[in-house]
Amino acid sequence: MKKIKKLFRFIKYNRHKRMSVKAFFLSAIYRFKIVTMEPKRLRKNWGEEGKESPSEDTVENYRYAVKVAYAVDRICTRTKWESKCLVRALTAQHLLARKGIHTTMYLGCGTEDDKMVAHAWLRCGEMYVTGGNGEGYAVVSKFYR
């Protein structure tokens, strides 16, 4: 009964149903790929390595990027599988690329509690779509798509 209520609320109150459903399935696909594939094969579909997207974009693209960021955040916090920064960045990158919006995905390293941690974030123009602005992380690689 609880699941039926959640589904009803999703259908009734979610203004971006299609995008949310796409984000759900894309996050599942990317999580599966991250767990099962070799890193070398994964990187082939992330875009051109070492290149960056333009630092400015149109207002329409920013509006769409805000919708994508909202949908990806809402969906990825509720999945049964682990949907951390890389899954979120890849999901948002895919949704934006389908609309022809150019993005840059950054991979970086930093330290937290004297341990090395990795982080991924996505930028569209001046806006950071997922993962924050990467403050505190050294950029290791970037992918333009």
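Is Cys 109 buried, partly exposed or exposed? Cys 109 counts as partly exposed, because its relative accessibility is 28%; here buried means under 20% relative accessible area, exposed over 50%, and partly exposed in between, with a 1.4 Å probe and protein chains only. The structure is a predicted model, in which local features need pLDDT of at least 70 and side-chain atom pairs count only at pLDDT 80 or more, while totals for chains, interfaces and linings use all residues. Residues are numbered from 1 along each chain as its sequence is written, and side-chain values use heavy atoms, with hydrogens and water left out.

A look at the whole chain comes first. The protein chain holds five helices and five strands, taken as DSSP runs numbered from the N terminus (H or I of at least four residues for helices, E of at least two for strands). Starting at the N terminus, these elements follow the order α-α-α-β-α-α-β-β-β-β. Of the 145 residues, 38% are buried. Among contacts (heavy atoms within 4.5 Å) with a separation of 6 or more, 70% join residues 24 or more positions apart.

Helix α4 covers residues 59–76. Its 18 residues should span 26 Å at 1.5 Å a residue, and the end C-alpha atoms are 26 Å apart, which agrees; the expected span is 1.5 Å times one less than the number of residues. The buried residues of α4 include Asn 61, Tyr 62, Val 68, Val 72 and Cys 76. Among the elements that cover the buried residues of α4 are α2 (17–36), α5 (85–98), β3 (115–124) and β4 (127–130). Cys 76 is buried because its relative accessible area is 5%. With a disulfide taken as a pair of cysteine sulfur atoms within 2.5 Å, the count is zero.

Helix α5 can be read in the same way. Its 14 residues should span 20 Å at 1.5 Å a residue, and its end C-alpha atoms are 20 Å apart, in agreement. Ten of the 14 residues are buried, so α5 is largely enclosed by the rest of the structure. The cover over these buried residues includes α2, α4, β2, β3, β4 and β5 (138–144). Just after α5, Gly 100 takes a positive phi of about 80°.

Arg 88 counts as buried because its relative accessibility is 18%. Thr 130, in strand β4, is buried too, at 8% relative accessibility. Not counting residues up to four places away in sequence, Thr 130 touches Val 72, Arg 88, Ala 89, Ala 92, Trp 121 and Leu 122.

Open space is the last topic. The second largest pocket has a volume of about 300 Å³, the volume being the space filled by probe spheres set on grid points joined across faces, edges and corners. A pocket is an open set of points on a 1 Å grid over the protein atoms alone, where a 1.4 Å probe fits, with protein on both sides within 12 Å along at least five of seven lines; lining residues have an atom within 4 Å of a point. This pocket is lined by 18 residues, of which Ile 34, Cys 85, Leu 86, Ala 118 and Ala 120 lie nearest its centre. At least two lining residues come from each of α2, α3 (39–43), α5, β2 (104–112) and β3.
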